[in-house]
Amino acid sequence: MPGPTTTLLIEGSFEELTDELAQYIDNLKKSQGDEASNIQEECVQLFTENKKDEVLKRLVMGSQVLNQAPEREVTAAYNLLIHLVRQSPNVGMFLPKICGHLSAPITSSPANGGGIALSILSTVFNTLPPQNDMRFHILLAILRVIRMTSNFDSLRPQLKQLDQWLETWEMDEEDSRKLYLAVSDVAKEASEDEQAYIYLLRALRTFPTEEVSAPEARELSLRALKAALTSTDHFDFQDLTDLGSIQALRDSDPVYFQLLEVFNSDGLEEFNDFKDEHDGWVEESGLDGAALNRKMRLLTLASEAAQAGQSRSLGYDRISKALQIPAEDVEMWVIDVIRAGLVEGKLSQQNQTFLIHRSTYRVFGENQWREVASRLDMWRNSLVGVLQVVQQEKARFLQEKEEEANKADQKMEQLRGRGGGDRKSKPRAMIDDDMD
(Lines give C-alpha, C1' and ligand atoms only; values in the text may rest on other atoms or scores of the structure.)
Protein backbone atom coordinates (compact mmCIF):
# COMPACT_ATOMS: atom_id res chain seq x y z
CA MET A 1 0.00 0.00 0.00
CA PRO A 2 1.05 3.66 -0.41
CA GLY A 3 3.82 4.63 1.95
CA PRO A 4 6.96 6.76 2.02
CA THR A 5 8.42 7.79 -1.34
CA THR A 6 10.79 5.13 -2.70
CA THR A 7 13.34 4.90 -5.52
CA LEU A 8 13.89 2.17 -8.10
CA LEU A 9 17.55 1.40 -8.78
CA ILE A 10 18.04 -0.41 -12.11
CA GLU A 11 21.35 -0.54 -13.98
CA GLY A 12 21.70 -0.20 -17.73
CA SER A 13 21.02 2.37 -20.45
CA PHE A 14 17.52 3.11 -21.66
CA GLU A 15 18.17 1.40 -24.99
CA GLU A 16 19.69 -1.72 -23.39
CA LEU A 17 16.86 -2.10 -20.87
CA THR A 18 14.22 -1.50 -23.53
CA ASP A 19 15.70 -4.18 -25.77
CA GLU A 20 15.85 -6.59 -22.83
CA LEU A 21 12.20 -6.03 -21.87
CA ALA A 22 10.99 -6.16 -25.49
CA GLN A 23 12.71 -9.49 -25.99
CA TYR A 24 11.20 -10.81 -22.76
CA ILE A 25 7.70 -9.76 -23.81
CA ASP A 26 8.14 -11.33 -27.26
CA ASN A 27 9.31 -14.63 -25.76
CA LEU A 28 6.43 -14.62 -23.31
CA LYS A 29 3.89 -13.95 -26.05
CA LYS A 30 5.32 -16.70 -28.21
CA SER A 31 5.16 -19.13 -25.32
CA GLN A 32 1.46 -18.30 -25.12
CA GLY A 33 0.96 -19.06 -28.84
CA ASP A 34 1.47 -15.59 -30.35
CA GLU A 35 4.24 -16.38 -32.85
CA ALA A 36 3.77 -13.08 -34.69
CA SER A 37 4.97 -10.90 -31.83
CA ASN A 38 7.90 -8.71 -32.95
CA ILE A 39 8.01 -5.89 -30.39
CA GLN A 40 11.79 -6.10 -30.16
CA GLU A 41 12.25 -5.45 -33.89
CA GLU A 42 9.74 -2.60 -33.82
CA CYS A 43 11.58 -0.96 -30.92
CA VAL A 44 14.95 -1.22 -32.70
CA GLN A 45 13.46 0.50 -35.77
CA LEU A 46 11.86 3.24 -33.68
CA PHE A 47 15.14 3.89 -31.89
CA THR A 48 16.79 4.64 -35.20
CA GLU A 49 14.05 7.25 -35.76
CA ASN A 50 14.59 8.64 -32.22
CA LYS A 51 10.96 7.98 -31.26
CA LYS A 52 11.39 7.20 -27.59
CA ASP A 53 7.71 7.52 -26.62
CA GLU A 54 6.69 5.26 -29.50
CA VAL A 55 9.07 2.62 -28.11
CA LEU A 56 7.47 2.93 -24.69
CA LYS A 57 4.04 2.74 -26.28
CA ARG A 58 4.90 -0.62 -27.88
CA LEU A 59 6.20 -1.95 -24.55
CA VAL A 60 3.20 -0.76 -22.57
CA MET A 61 0.69 -2.12 -25.07
CA GLY A 62 2.41 -5.51 -24.97
CA SER A 63 2.90 -5.54 -21.20
CA GLN A 64 -0.49 -7.11 -20.48
CA VAL A 65 1.17 -10.47 -21.15
CA LEU A 66 3.30 -9.90 -18.03
CA ASN A 67 0.26 -11.03 -16.02
CA GLN A 68 0.97 -14.49 -17.40
CA ALA A 69 4.69 -14.47 -16.55
CA PRO A 70 6.02 -16.90 -13.92
CA GLU A 71 5.15 -15.63 -10.44
CA ARG A 72 8.75 -15.00 -9.43
CA GLU A 73 9.33 -12.81 -12.54
CA VAL A 74 6.18 -10.65 -12.56
CA THR A 75 7.37 -8.01 -10.09
CA ALA A 76 10.81 -7.59 -11.68
CA ALA A 77 9.34 -7.25 -15.18
CA TYR A 78 6.79 -4.63 -14.15
CA ASN A 79 9.37 -2.70 -12.10
CA LEU A 80 11.60 -2.52 -15.17
CA LEU A 81 8.68 -1.26 -17.26
CA ILE A 82 7.88 1.40 -14.62
CA HIS A 83 11.51 2.50 -14.55
CA LEU A 84 11.54 2.97 -18.33
CA VAL A 85 8.21 4.78 -18.45
CA ARG A 86 9.26 7.24 -15.76
CA GLN A 87 12.06 8.46 -18.00
CA SER A 88 9.53 9.88 -20.44
CA PRO A 89 8.26 13.47 -20.08
CA ASN A 90 4.82 12.06 -20.92
CA VAL A 91 4.66 9.53 -18.11
CA GLY A 92 0.96 10.28 -17.62
CA MET A 93 0.27 8.80 -21.03
CA PHE A 94 1.56 5.37 -20.02
CA LEU A 95 0.86 4.79 -16.32
CA PRO A 96 -2.97 4.49 -16.61
CA LYS A 97 -2.54 1.64 -19.10
CA ILE A 98 -0.08 -0.15 -16.80
CA CYS A 99 -2.49 0.30 -13.88
CA GLY A 100 -5.23 -1.18 -16.02
CA HIS A 101 -3.12 -4.27 -16.69
CA LEU A 102 -2.36 -4.66 -12.98
CA SER A 103 -6.05 -4.33 -12.11
CA ALA A 104 -6.69 -7.48 -14.13
CA PRO A 105 -6.01 -10.90 -12.54
CA ILE A 106 -2.43 -12.18 -12.60
CA THR A 107 -3.31 -15.56 -14.03
CA SER A 108 0.07 -17.15 -13.35
CA SER A 109 -0.56 -16.78 -9.61
CA PRO A 110 -4.23 -17.15 -8.65
CA ALA A 111 -3.37 -17.36 -4.94
CA ASN A 112 -0.85 -14.51 -4.67
CA GLY A 113 -1.72 -12.42 -7.72
CA GLY A 114 -3.62 -9.78 -5.73
CA GLY A 115 -0.73 -9.26 -3.34
CA ILE A 116 1.77 -9.04 -6.21
CA ALA A 117 -0.36 -6.45 -8.03
CA LEU A 118 -0.74 -4.38 -4.84
CA SER A 119 3.01 -4.47 -4.28
CA ILE A 120 3.75 -3.29 -7.82
CA LEU A 121 1.08 -0.56 -7.76
CA SER A 122 2.37 0.64 -4.41
CA THR A 123 5.83 0.89 -5.94
CA VAL A 124 4.43 2.99 -8.79
CA PHE A 125 2.56 5.20 -6.31
CA ASN A 126 5.55 5.71 -4.02
CA THR A 127 8.09 6.44 -6.76
CA LEU A 128 6.07 9.46 -7.89
CA PRO A 129 6.42 12.84 -6.14
CA PRO A 130 3.66 13.42 -3.52
CA GLN A 131 2.15 16.31 -5.50
CA ASN A 132 1.92 14.37 -8.78
CA ASP A 133 -1.78 13.92 -9.57
CA MET A 134 -1.02 10.64 -11.38
CA ARG A 135 -1.06 9.17 -7.90
CA PHE A 136 -4.84 9.63 -7.98
CA HIS A 137 -5.27 7.22 -10.91
CA ILE A 138 -2.85 4.74 -9.37
CA LEU A 139 -4.81 4.83 -6.12
CA LEU A 140 -7.99 4.02 -8.02
CA ALA A 141 -6.22 0.98 -9.51
CA ILE A 142 -5.09 -0.05 -6.03
CA LEU A 143 -8.70 0.16 -4.84
CA ARG A 144 -9.84 -2.05 -7.73
CA VAL A 145 -7.32 -4.72 -6.74
CA ILE A 146 -8.29 -4.50 -3.06
CA ARG A 147 -11.94 -4.87 -4.05
CA MET A 148 -11.18 -8.03 -6.01
CA THR A 149 -9.26 -9.51 -3.07
CA SER A 150 -11.63 -8.19 -0.33
CA ASN A 151 -8.49 -7.09 1.54
CA PHE A 152 -9.96 -3.99 3.19
CA ASP A 153 -7.54 -4.15 6.14
CA SER A 154 -4.66 -3.18 3.85
CA LEU A 155 -6.54 0.03 2.99
CA ARG A 156 -7.71 0.98 6.48
CA PRO A 157 -4.47 2.73 7.61
CA GLN A 158 -4.52 4.93 4.48
CA LEU A 159 -8.06 6.26 4.85
CA LYS A 160 -7.04 9.12 7.13
CA GLN A 161 -4.78 10.46 4.34
CA LEU A 162 -7.41 10.59 1.58
CA ASP A 163 -8.50 14.18 2.15
CA GLN A 164 -4.92 15.40 2.36
CA TRP A 165 -4.05 13.59 -0.88
CA LEU A 166 -7.06 15.05 -2.69
CA GLU A 167 -6.11 18.53 -1.54
CA THR A 168 -2.48 18.04 -2.60
CA TRP A 169 -3.52 16.79 -6.04
CA GLU A 170 -6.10 19.60 -6.36
CA MET A 171 -8.85 17.21 -7.41
CA ASP A 172 -12.26 18.66 -8.28
CA GLU A 173 -15.61 17.51 -6.85
CA GLU A 174 -16.14 14.88 -9.55
CA ASP A 175 -12.77 13.20 -8.99
CA SER A 176 -13.19 13.37 -5.21
CA ARG A 177 -16.56 11.71 -5.58
CA LYS A 178 -15.04 8.99 -7.76
CA LEU A 179 -12.45 8.20 -5.08
CA TYR A 180 -14.97 8.19 -2.22
CA LEU A 181 -17.27 5.87 -4.17
CA ALA A 182 -14.37 3.54 -4.93
CA VAL A 183 -13.58 3.33 -1.21
CA SER A 184 -17.27 2.74 -0.45
CA ASP A 185 -17.44 -0.09 -2.99
CA VAL A 186 -14.30 -1.70 -1.56
CA ALA A 187 -15.75 -1.52 1.95
CA LYS A 188 -19.08 -2.96 0.84
CA GLU A 189 -17.38 -5.85 -0.93
CA ALA A 190 -15.52 -6.62 2.30
CA SER A 191 -18.77 -6.42 4.35
CA GLU A 192 -17.54 -3.25 6.09
CA ASP A 193 -21.02 -1.73 5.93
CA GLU A 194 -20.41 1.22 8.26
CA GLN A 195 -17.32 2.34 6.32
CA ALA A 196 -19.18 1.84 3.04
CA TYR A 197 -21.97 4.12 4.30
CA ILE A 198 -19.57 6.79 5.61
CA TYR A 199 -17.78 7.15 2.27
CA LEU A 200 -21.04 7.03 0.34
CA LEU A 201 -22.19 10.08 2.33
CA ARG A 202 -18.88 11.80 1.65
CA ALA A 203 -19.46 11.20 -2.05
CA LEU A 204 -22.93 12.73 -1.80
CA ARG A 205 -21.52 15.85 -0.15
CA THR A 206 -19.42 16.55 -3.25
CA PHE A 207 -22.50 17.45 -5.33
CA PRO A 208 -22.83 21.24 -5.70
CA THR A 209 -26.26 22.77 -5.06
CA GLU A 210 -27.14 22.96 -8.75
CA GLU A 211 -26.53 19.20 -9.20
CA VAL A 212 -28.40 17.73 -6.22
CA SER A 213 -31.26 16.63 -8.50
CA ALA A 214 -29.03 15.09 -11.16
CA PRO A 215 -29.58 11.38 -12.00
CA GLU A 216 -26.29 10.33 -10.39
CA ALA A 217 -27.11 12.26 -7.20
CA ARG A 218 -30.56 10.65 -7.08
CA GLU A 219 -29.13 7.14 -7.58
CA LEU A 220 -26.53 7.56 -4.84
CA SER A 221 -29.06 9.20 -2.50
CA LEU A 222 -31.43 6.25 -2.80
CA ARG A 223 -28.52 3.89 -2.25
CA ALA A 224 -27.54 5.75 0.93
CA LEU A 225 -31.12 5.93 2.16
CA LYS A 226 -31.65 2.19 1.73
CA ALA A 227 -28.33 1.44 3.43
CA ALA A 228 -29.27 3.59 6.43
CA LEU A 229 -32.73 2.07 6.75
CA THR A 230 -31.61 -1.55 6.56
CA SER A 231 -28.44 -1.21 8.65
CA THR A 232 -28.69 -2.97 12.00
CA ASP A 233 -26.45 -0.36 13.67
CA HIS A 234 -27.52 2.96 12.16
CA PHE A 235 -30.28 4.82 14.02
CA ASP A 236 -29.52 8.50 13.43
CA PHE A 237 -30.92 9.82 10.13
CA GLN A 238 -30.00 13.46 10.64
CA ASP A 239 -26.86 12.91 8.54
CA LEU A 240 -29.13 12.07 5.61
CA THR A 241 -31.80 14.73 6.01
CA ASP A 242 -29.12 17.45 6.06
CA LEU A 243 -28.02 16.59 2.50
CA GLY A 244 -29.39 18.57 -0.43
CA SER A 245 -29.50 15.49 -2.67
CA ILE A 246 -31.64 13.68 -0.08
CA GLN A 247 -33.99 16.65 0.18
CA ALA A 248 -34.31 16.53 -3.60
CA LEU A 249 -35.94 13.09 -3.22
CA ARG A 250 -38.97 14.90 -1.82
CA ASP A 251 -39.87 15.70 -5.43
CA SER A 252 -38.31 12.81 -7.39
CA ASP A 253 -39.12 9.94 -4.99
CA PRO A 254 -41.71 11.20 -2.47
CA VAL A 255 -42.53 7.75 -1.04
CA TYR A 256 -38.88 7.08 -0.16
CA PHE A 257 -38.63 10.52 1.40
CA GLN A 258 -41.83 9.94 3.39
CA LEU A 259 -40.42 6.67 4.72
CA LEU A 260 -37.21 8.46 5.74
CA GLU A 261 -39.23 11.07 7.64
CA VAL A 262 -41.10 8.31 9.48
CA PHE A 263 -37.85 6.71 10.60
CA ASN A 264 -36.32 10.07 11.42
CA SER A 265 -38.96 11.25 13.89
CA ASP A 266 -42.09 9.06 14.05
CA GLY A 267 -43.00 5.80 15.75
CA LEU A 268 -44.37 2.35 15.06
CA GLU A 269 -47.95 3.55 14.69
CA GLU A 270 -46.98 6.01 11.94
CA PHE A 271 -44.89 3.31 10.24
CA ASN A 272 -47.88 0.98 10.17
CA ASP A 273 -49.99 3.80 8.72
CA PHE A 274 -47.32 4.27 6.03
CA LYS A 275 -47.45 0.58 5.12
CA ASP A 276 -51.25 0.67 4.94
CA GLU A 277 -51.14 3.75 2.74
CA HIS A 278 -48.55 2.19 0.41
CA ASP A 279 -49.62 -1.43 0.57
CA GLY A 280 -46.90 -3.76 -0.74
CA TRP A 281 -44.49 -0.94 -1.56
CA VAL A 282 -41.86 -1.98 1.00
CA GLU A 283 -41.53 -5.45 -0.51
CA GLU A 284 -41.61 -4.12 -4.09
CA SER A 285 -38.78 -1.68 -3.34
CA GLY A 286 -36.53 -4.53 -2.21
CA LEU A 287 -36.38 -3.41 1.42
CA ASP A 288 -36.41 -5.98 4.22
CA GLY A 289 -39.79 -5.52 5.92
CA ALA A 290 -38.83 -7.55 9.01
CA ALA A 291 -35.64 -5.53 9.51
CA LEU A 292 -37.58 -2.27 9.16
CA ASN A 293 -40.17 -3.42 11.71
CA ARG A 294 -37.48 -4.32 14.22
CA LYS A 295 -35.62 -1.04 13.80
CA MET A 296 -38.82 0.97 14.14
CA ARG A 297 -39.68 -0.77 17.42
CA LEU A 298 -36.23 0.05 18.79
CA LEU A 299 -36.60 3.68 17.70
CA THR A 300 -40.09 3.86 19.19
CA LEU A 301 -38.82 2.60 22.54
CA ALA A 302 -36.02 5.17 22.43
CA SER A 303 -38.60 7.91 21.85
CA GLU A 304 -40.73 6.68 24.74
CA ALA A 305 -37.69 6.73 27.02
CA ALA A 306 -36.82 10.29 25.93
CA GLN A 307 -40.39 11.39 26.72
CA ALA A 308 -40.57 9.68 30.12
CA GLY A 309 -40.48 13.01 31.97
CA GLN A 310 -39.29 13.65 35.51
CA SER A 311 -40.12 10.13 36.67
CA ARG A 312 -37.45 8.73 34.32
CA SER A 313 -39.26 5.41 34.22
CA LEU A 314 -41.53 3.44 31.88
CA GLY A 315 -44.04 0.86 32.93
CA TYR A 316 -44.06 -2.49 31.18
CA ASP A 317 -47.65 -1.88 30.08
CA ARG A 318 -46.72 1.39 28.36
CA ILE A 319 -43.84 -0.27 26.52
CA SER A 320 -46.05 -3.18 25.48
CA LYS A 321 -48.65 -0.82 24.06
CA ALA A 322 -46.15 1.43 22.23
CA LEU A 323 -44.30 -1.50 20.64
CA GLN A 324 -47.44 -3.55 20.05
CA ILE A 325 -45.92 -6.63 21.65
CA PRO A 326 -47.00 -9.10 24.36
CA ALA A 327 -46.11 -8.11 27.92
CA GLU A 328 -43.79 -11.10 28.27
CA ASP A 329 -41.59 -9.74 25.43
CA VAL A 330 -41.03 -6.33 27.00
CA GLU A 331 -37.78 -7.20 28.77
CA MET A 332 -36.29 -8.71 25.61
CA TRP A 333 -36.95 -5.50 23.65
CA VAL A 334 -35.58 -3.32 26.44
CA ILE A 335 -32.38 -5.37 26.45
CA ASP A 336 -32.15 -4.99 22.65
CA VAL A 337 -32.55 -1.21 22.79
CA ILE A 338 -29.84 -1.01 25.46
CA ARG A 339 -27.52 -3.14 23.31
CA ALA A 340 -28.20 -0.79 20.39
CA GLY A 341 -26.86 2.07 22.52
CA LEU A 342 -30.08 4.10 22.31
CA VAL A 343 -30.94 3.93 26.00
CA GLU A 344 -29.25 3.13 29.30
CA GLY A 345 -31.24 1.95 32.29
CA LYS A 346 -32.25 -0.84 34.63
CA LEU A 347 -35.19 -3.23 34.62
CA SER A 348 -37.21 -3.68 37.80
CA GLN A 349 -39.16 -6.92 37.54
CA GLN A 350 -40.68 -6.37 40.96
CA ASN A 351 -42.17 -3.00 40.01
CA GLN A 352 -42.64 -3.89 36.32
CA THR A 353 -40.82 -0.72 35.27
CA PHE A 354 -37.80 0.30 33.26
CA LEU A 355 -35.71 2.91 35.12
CA ILE A 356 -34.00 5.20 32.58
CA HIS A 357 -30.49 6.49 33.22
CA ARG A 358 -29.89 7.96 29.75
CA SER A 359 -31.95 8.25 26.60
CA THR A 360 -31.25 9.41 23.05
CA TYR A 361 -33.29 12.08 21.28
CA ARG A 362 -34.00 11.09 17.71
CA VAL A 363 -34.74 14.66 16.63
CA PHE A 364 -33.38 17.62 18.53
CA GLY A 365 -35.91 20.42 18.03
CA GLU A 366 -37.55 23.24 19.94
CA ASN A 367 -39.09 21.00 22.58
CA GLN A 368 -35.78 19.29 23.25
CA TRP A 369 -34.03 22.65 23.60
CA ARG A 370 -36.67 23.68 26.14
CA GLU A 371 -36.04 20.53 28.14
CA VAL A 372 -32.29 21.12 28.03
CA ALA A 373 -32.86 24.71 29.21
CA SER A 374 -35.07 23.45 32.02
CA ARG A 375 -32.44 20.94 33.16
CA LEU A 376 -29.71 23.55 32.96
CA ASP A 377 -31.82 25.82 35.18
CA MET A 378 -32.21 22.99 37.66
CA TRP A 379 -28.47 22.31 37.66
CA ARG A 380 -27.74 26.02 38.00
CA ASN A 381 -30.08 26.33 40.99
CA SER A 382 -28.50 23.25 42.53
CA LEU A 383 -25.04 24.70 42.02
CA VAL A 384 -26.15 28.02 43.54
CA GLY A 385 -27.38 26.11 46.57
CA VAL A 386 -24.13 24.19 46.84
CA LEU A 387 -22.15 27.42 46.49
CA GLN A 388 -24.16 29.04 49.29
CA VAL A 389 -23.51 26.09 51.58
CA VAL A 390 -19.79 26.22 50.75
CA GLN A 391 -19.67 29.98 51.44
CA GLN A 392 -21.51 29.55 54.74
CA GLU A 393 -19.15 26.82 55.82
CA LYS A 394 -16.18 28.92 54.79
CA ALA A 395 -17.48 31.90 56.80
CA ARG A 396 -18.13 29.70 59.81
CA PHE A 397 -14.64 28.20 59.54
CA LEU A 398 -13.03 31.65 59.36
CA GLN A 399 -15.09 32.88 62.30
CA GLU A 400 -14.08 29.88 64.40
CA LYS A 401 -10.43 30.44 63.52
CA GLU A 402 -10.74 34.12 64.46
CA GLU A 403 -12.37 33.24 67.79
CA GLU A 404 -9.63 30.72 68.52
CA ALA A 405 -6.99 33.34 67.73
CA ASN A 406 -8.69 35.87 70.01
CA LYS A 407 -8.81 33.36 72.84
CA ALA A 408 -5.13 32.59 72.36
CA ASP A 409 -4.27 36.32 72.50
CA GLN A 410 -6.29 36.76 75.67
CA LYS A 411 -4.54 33.85 77.31
CA MET A 412 -1.12 35.30 76.44
CA GLU A 413 -2.14 38.65 77.89
CA GLN A 414 -3.21 36.96 81.08
CA LEU A 415 0.11 35.12 81.32
CA ARG A 416 2.05 38.34 80.78
CA GLY A 417 -0.06 40.07 83.41
CA ARG A 418 0.74 37.43 86.00
CA GLY A 419 4.48 37.58 85.30
CA GLY A 420 4.61 41.40 85.58
CA GLY A 421 2.82 41.44 89.00
CA ASP A 422 5.36 39.07 90.67
CA ARG A 423 8.33 41.15 89.46
CA LYS A 424 6.89 44.44 90.85
CA SER A 425 6.25 42.95 94.29
CA LYS A 426 9.85 41.83 94.69
CA PRO A 427 11.89 44.10 97.05
CA ARG A 428 14.47 46.39 95.38
CA ALA A 429 17.26 45.04 97.54
CA MET A 430 16.62 41.53 96.39
CA ILE A 431 16.78 42.70 92.83
CA ASP A 432 20.14 44.32 93.43
CA ASP A 433 21.39 41.22 95.20
CA ASP A 434 20.37 39.09 92.30
CA MET A 435 22.30 41.31 89.92
CA ASP A 436 25.42 40.98 92.12
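Start by selecting Glu-269, Glu-270, Asp-273, Asp-276, Glu-277, Asp-279, Glu-283 and Glu-284: together they form a patch of negative charge on the surface. Patch residues have over 30% relative accessible area and no salt bridge, and like charges are joined within 9 Å. This is a predicted model, where local features need pLDDT of at least 70 and side-chain atom pairs count only at pLDDT 80 or more, while totals for chains, interfaces and linings use all residues. Residues are numbered from 1 along each chain as its sequence is written, and side-chain values use heavy atoms, leaving out hydrogens and water.

Now colour the helices (DSSP runs of H or I, at least four residues). Helix H16 (268-277) and helix H17 (281-284) each bring at least two residues to the negative patch, and H16 gives the most, with 5 residues. Click on Glu-284, in helix H17: its relative accessibility of 68% makes Glu-284 exposed (over 50%; buried is under 20%, partly exposed in between, with a 1.4 Å probe and protein chains only).

Next, the rings. The whole structure holds 10 aromatic pairs, meaning rings of Phe, Tyr or Trp (its six-membered ring) with centres within 6.5 Å. Select Phe-14 and Phe-47, an edge-to-face pair with 5.9 Å centre to centre and 75° between the planes; edge-to-face means planes over 60 degrees apart. Phe-14 sits in helix H1 (residues 14-31) and Phe-47 in helix H2 (residues 39-48), 33 residues apart. Phe-14 is buried at 12%, whereas Phe-47 is partly exposed at 24%.

Move on to Phe-263 and Phe-271, also edge-to-face, with centres 5.3 Å apart and planes at 70°. Phe-263 is buried at 0% relative accessibility, and Phe-271 is buried at 1%.

Last stop: Phe-125, Phe-136, Trp-165 and Trp-169, a cluster linked by ring pairs.

Note on methods:
Patch = residues over 30% accessible without salt bridge, like charges linked within 9 Å, V, L, I, M, F, W, Y side chains within 5 Å. Areas by Shrake-Rupley, 256 points an atom, 1.4 Å probe, with all protein chains shown as cover. Salt bridge = Lys/Arg side-chain N within 4 Å of Asp/Glu carboxyl O. Lys, Arg positive; Asp, Glu negative; His and termini not counted. Charge placed at Lys NZ, Arg CZ, Asp CG, Glu CD. Phe/Tyr/Trp six-rings, centres within 6.5 Å; stacked < 30°, edge-to-face > 60°.
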